[in-house]
Amino acid sequence: MKRIKVNTQTPYEVIVGEGAVNHLAPFVMDAFSNAANIAIVADSNVEPLYADKIERLLTPSAKRIERISFKAGEKSKTIETYALLLSALASFRFSRKDIIIALGGGVTGDLAGFAASSYMRGIDFIQIPTSLLAMVDSSVGGKTGVNLDEGKNLAGAFHQPRAVFCDTSFLKTLPEIWRIDAMGEVLKYAVLADPKLFSRLENAPTAEINEDEIARCISIKRDIVETDEKESGERKLLNLGHTYAHAIEKESDFSISHGCAVATGIALASQKAFSLGLLSKTDLNRIISLVEKIGYKSASPFDENSLLKSMLIDKKAENGEIDFVLPTGIGKCTVKRIKL
Ligand code: MG
């Protein structure tokens, strides 16, 4: 079991390992005595699989436990689902002392976290990521939010969880497709900051990601988030591949998953870095070949113009310019403002 401390304004711990959820009830007891009502938020795939188990674990340390479920999928990450969550909390008569548990993948964490950030001007929430993507990336760092018709994550808030429990036993039932999806973010951490992890992926591109490697990705993210909690500088690095990815996801009407789009986005960002003379041909080839070896496309399925159109309404665009994260080597990246 690994414990990673995140020193944001309200510090918290990420517990990684098999059986991590067994630390949940003692944590809740310790942090809230048994005075809190708890709402478990899970989507229609995760709820039938794991909500009973989590509810059973929590029963001795909660005043009352409620459940909120919504239809699985990125298409549920909307203002409408967010409003449903808030209404459910109100109908349960939850107070400011009560807590939300986000049980699931990235969509659940973003929605439940955003509801927690704004219900009664903010209540506590705990992340229990059940997908590899949520474990290595989205459950840590405090970004929450929903998509608008105009683009991804256009409404949201920074709201750090009180704790994150990454239980690797959830991954045993993970369909292969979601494992592949998560590799886009794992690759991101390797290209950003970890040449060793990059080489390990080159040597075994389809091997399972183990506890140490999950903890490594979280630690890289933690280091960056700690220096820049609200993304005014350093944290922009975490957007490697994402400017392209958000445009690809949107153009595909979300039929291309986030992780796949991120991997393709990393290849495109590397091409751009090479064309600007920031990245060597050797490193460009290594990145592109790893993207392909993991099973992703290294070229965009959409033409440059349609991607550009989507990028212009990306929330990070300002006056037709956008900050691109560009690799300058394996394990090194820089941020460069580019006119679209
Ligand atoms: Mg991402």
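**View A. Surroundings of Asp 43 in the predicted model.** In this predicted model, the backbone nitrogen of Asn 45 lies 2.8 Å from a polar atom of the Asp 43 side chain. Asp 43 itself is found in strand β3, which covers residues 37–43. Although Asp 43 is buried, it has no salt bridge, and the nearest side chain of opposite charge, that of Lys 71, is 10 Å away. When neighbours within four places in sequence are left aside, the residues in contact with Asp 43 are Pro 48, Ser 69, Phe 70, Lys 71, Ala 72, Leu 103 and Thr 108.

**View B. Protein donors of the magnesium ion.** The magnesium ion has as its protein donors Glu 185, through OE, together with His 242 and His 258, each through NE2, and these lie 2.1 to 2.3 Å from the ion. Along the chain the donors follow the spacing E-x56-H-x15-H. Because His 242 belongs to helix α9 (residues 242–251) and His 258 to helix α10 (residues 258–275), the pair ties together parts that are 16 residues apart in sequence. His 242 counts as buried because its relative accessibility is 8%, and His 258, with a relative accessible area of 15%, is buried as well.

**View C. Buried residues of helix α7 and their cover.** Helix α7 spans residues 195–203, and its buried residues are Leu 197, Phe 198, Arg 200, Leu 201 and Glu 202. Among the elements that cover these buried residues are α6 (176–193), α8 (211–227) and α11 (281–294).

Definitions and conventions: Residues numbered from 1 in each chain as written. Predicted model: local features only at pLDDT ≥ 70, side-chain atom pairs only at ≥ 80, totals over all residues. Heavy atoms only, no water. Donors = N, O, S within 2.8 Å, 3.2 Å for Na, K, Ca; no water. Helix = DSSP H or I, 4+ residues; strand = E, 2+ residues; numbered from the N terminus. Buried < 20%, exposed > 50% of the residue type's maximum accessible area, 1.4 Å probe, protein only. Contact = heavy atoms within 4.5 Å. Lys, Arg positive; Asp, Glu negative; His and termini not counted. Salt bridge = Lys/Arg side-chain N within 4 Å of Asp/Glu carboxyl O. Polar contact = N/O pair within 3.5 Å; in protein donor to acceptor, adjacent residues only side chain to side chain.
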